[in-house]
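Q: I have the sequence and the model open side by side and would like to go through them with you. Could we start with the charged pairs and then move on to the packing?

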Amino acid sequence: MNTITGKYRKTNDFNEIVLERRSVKVYDTEVKISREEMSEILAEASRAPSAINMQPWRFLVIDTPEGKEKLAPLASFNQTQALTSSAVIAVFYDANNTEFIDDIFGKSVELGYMPQEVMDMQLQQVKPYYASMSAAELRDVNLIDTGLD
Ligand SMILES: Cc1cc2nc3c(=O)[nH]c(=O)nc-3n(C[C@H](O)[C@H](O)[C@H](O)COP(=O)(O)O)c2cc1C
């Protein structure tokens with residue numbers, strides 16, 4: 001059994017990554033991404049930027065044969081990809097992500113990324129701003145954020 005790092009070469013060459021990227025239509029079923037590696041991948045992906053640092057993405061990893069069988073009919077044109085991949089990551093956004101705003105900013109202060117007074121000032125502006133957004137505006141900003149992830 002190959003791991004993602006076994007059979008396939010990793011590269012950090014930007015031109016190679018951009019020019020040799022392809023939309024994959026069928027995966028090598030021998031390749032298995034371990035849960036540990038998947039956690040690393042998601043932790044790294046979660047370093048993506050998001051508006052106001054709201055990090056609204058939530059992930060559902062489907063990596064069992066039963067899960068993929070269940071998913072396939074919902075994947076329309078992508079049934080082969082769903083069935084042959086090691087895992088499918090369904091990316092959702094949390095429509096109630098503003099509930100976590102104090103925790104997110106508080107963590108930045110705790111880790112020394114942000115002074116307390118900046119958090120206090122930011123929260124004063126951000127909370128009413130998010131509260132004033134229409135459902136459509138909120139959806140747009142959340143789709144952009146999760147799309148960047
Ligand atoms: C918004 C968007 C949606 C796409 N949806 C699918 C899809 O559902 N299934 C698929 O196999 N490829 C999908 N593609 C990939 C395109 O078919 C592919 O990018 C295009 O044919 C060029 O091929 P390449 O990515 O290999 O260069 C999508 C691409 C974009 C930008």
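Q: Which residue does E16 form a salt bridge with?
A: E16 pairs with R9, and their closest N and O atoms are 2.7 Å apart; a salt bridge here is a side-chain nitrogen of Lys or Arg within 4 Å of a carboxyl oxygen of Asp or Glu. This is a predicted model, in which local features need pLDDT of at least 70 and side-chain atom pairs count only at pLDDT 80 or more, while totals for chains, interfaces and linings use all residues. Residues are numbered from 1 along each chain as its sequence is written, and side-chain values use heavy atoms, with hydrogens and water left out.

Q: Is R9 buried or exposed?
A: R9 is exposed, with a relative accessible area of 65%; buried means under 20%, exposed over 50%, and partly exposed in between, using a 1.4 Å probe and protein chains only.

Q: How many salt bridges are there in the whole structure?
A: A search of the whole structure finds five. Another of them joins D63 to R35, with the closest N and O atoms 2.8 Å apart, and this pair links distant parts of the chain, since D63 sits in the loop between β3 and α3 (65–71) while R35 is in helix α2, 28 residues apart. Helices (H or I, at least four residues) and strands (E, at least two) are DSSP runs numbered from the N terminus.

Q: And how accessible are D63 and R35?
A: D63 counts as partly exposed at 23% relative accessibility, whereas R35 counts as exposed at 58%.

Q: What about E110, which residue is its partner?
A: E110 forms a salt bridge with K107, the closest N and O atoms being 3.4 Å apart. Both residues lie in helix α5, three residues apart, which is about one turn of the helix. E110 is exposed at 59% relative accessible area, and K107 is partly exposed at 43%.

Q: Switching to helix α2, which of its residues are buried?
A: In α2 (residues 35–45) the buried residues are E37, M38 and L42. Seen down the axis of α2, these buried residues fall within an arc of 135 degrees, so they line one face of the helix; the arc is that of the directions from the helix axis to the C-beta atoms.

Q: What does that side pack against, and what is on the face turned away from it?
A: The buried residues of α2 pack against β3 (57–62) and β4, where contact means heavy atoms within 4.5 Å. The face turned away from the buried side carries the exposed residues E36 and E44.

Q: OK, which residues have the most contacts inside the largest nonpolar core?
A: They are I101, F105, M119 and Y130, in a core of 13 residues; a nonpolar core is a set of buried Ala, Val, Leu, Ile, Met, Phe, Trp, Tyr and Cys residues joined through side-chain atoms within 4.5 Å. The elements that give two or more residues to this core are α5 (101–110), α6 (116–132) and α7 (135–148). There is also a second, separate core of six residues, which includes I62, A75, A82 and V88.

Q: What does I101 touch?
A: Not counting residues up to four places away in sequence, I101 touches M54, L123, V126 and K127.

Q: Where is S108, and is it buried or exposed?
A: S108 is in helix α5 and is buried, with a relative accessible area of 11%. Leaving aside its neighbours within four places in sequence, S108 is in contact with N53, Y113 and M114.

Q: What is the phi of N53?
A: N53 has a positive phi of about 60 degrees although it is not a glycine, and I52 likewise has a positive phi, of about 55 degrees, without being a glycine. In general, most residues other than glycine have a negative phi. N53 lies in the loop between α2 and β3, and I52 is placed in that loop as well.
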